[in-house]
Amino acid sequence: MKIAYINPFVAAATNVLKKETKGEVKRGPLSVSSESVTCDEITALVSVAGDIYGMVMYSMSERTAKGIVSRMTGEPVPVFDQLAQSAIGEMGNVITGIASSSLEEAGYVCRIAPPTLIMGRGVYISTVQLQRLVIPIETEVGDLTISVALNEG
């Protein structure tokens, strides 16, 4: 996987999360994983197709998800209900959309699918033979992980 695919996701995630959580955002060290099982309670998955294909996953604890949505809406989020679920899915959609626009500017045709929200730990998600580049992100409301599994088509 080329680093040119990753930088747009790091930049988009940092900018969107700073804006939405109204706080500091820090990126942790990158790593590579071929793990096929979710480790967090909430995962927003967005598929990418075109010159670059694969998927991007945004994984977090339910507590972090509720904290992000609370900051986005300015209201407490005691229950991870349909509104909160929609907000987390849309956050993944926005980050992936911005990153895809950057990739388009670099000459890659990219289309994204609507987000899918996966709830529960230990859910099997196959990226077939694509390794995932894992980007840990720290926010004031909790940590999340972005897993980018993309390849050139």
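## Helices H1, H2 and H3 and their packing

The buried residues of helix H3 pack against H1, E3, E4, H2, strand E5 (110-112) and strand E6 (116-119). Here buried means under 20% relative accessible area, exposed means over 50% and partly exposed lies in between, with a 1.4 Å probe and protein chains only. Contact means heavy atoms within 4.5 Å. Helices (H or I, at least four residues) and strands (E, at least two) are DSSP runs, numbered from the N terminus.

A word on the model before we go on. This is a predicted model, in which local features need pLDDT of at least 70 and side-chain atom pairs count only at pLDDT 80 or more, while totals for chains, interfaces and linings use all residues. Residues are numbered from 1 along each chain as its sequence is written, and side-chain values use heavy atoms, with hydrogens and water left out.

### Helix H3

Let us stay with H3 for a moment. Its buried residues are Ala84, Ala87, Ile88, Gly89, Met91, Gly92, Asn93, Ile95, Thr96, Ala99, Ser100 and Leu103. The expected span is 1.5 Å times one less than the number of residues. After H3 comes Gly107, with a positive phi near 105°.

Ala11 lies in helix H1 and is partly exposed, with a relative accessible area of 39%.

### Helix H2

H2 covers residues 62-73, and its 12 residues reach 16 Å from first C-alpha to last, close to the expected 16 Å. Its buried residues are Thr64, Ala65, Gly67, Ile68 and Val69. They pack against helix H1 (3-21), strand E3 (42-50), strand E4 (52-60), helix H3 (82-105) and strand E8 (142-152). Just after H2, Gly74 has a positive phi of about 75°.

### How the helices cross

Axes are lines fitted to C-alpha atoms, for helices over the stretch in contact, and angles run from 0 to 180 degrees between N-to-C directions.

| Helix pair | Axis distance | Angle |
|---|---|---|
| H1 and H2 | within 7 Å | roughly 65° |
| H2 and H3 | 10 Å | about 85° |

H1 and H2 are therefore roughly perpendicular, a label for angles of 65 to 115 degrees (under 35 is roughly parallel, over 145 roughly antiparallel and the rest oblique). Leu17, Glu20 and Thr21 of H1 meet Ile68, Arg71 and Met72 of H2. By class, this contact has 3 nonpolar, 1 polar and 2 charged residues. In this scheme Ala, Val, Leu, Ile, Met, Phe, Trp, Tyr, Cys and Pro are nonpolar, Asp, Glu, Lys and Arg are charged, and the others, Gly among them, are polar.

H2 and H3 are roughly perpendicular to each other too. Ala65, Ile68, Val69 and Met72 of H2 touch Ala84, Ala87, Ile88 and Met91 of H3. That contact divides into 8 nonpolar, no polar and no charged residues.

### An aromatic pair

A search of the whole structure finds 1 aromatic pair. The rings of Tyr5 and Tyr108 have centres 5.6 Å apart and planes at 85°, so the pair is edge-to-face. Rings of Phe, Tyr and Trp (its six-membered ring) pair if their centres lie within 6.5 Å; planes under 30 degrees apart are stacked, over 60 edge-to-face and the rest tilted. Because Tyr5 lies in helix H1 and Tyr108 in the loop between H3 and E5, the pair ties together parts 103 residues apart in sequence. Tyr5 counts as buried at 2% relative accessibility, and Tyr108 counts as buried at 17%.
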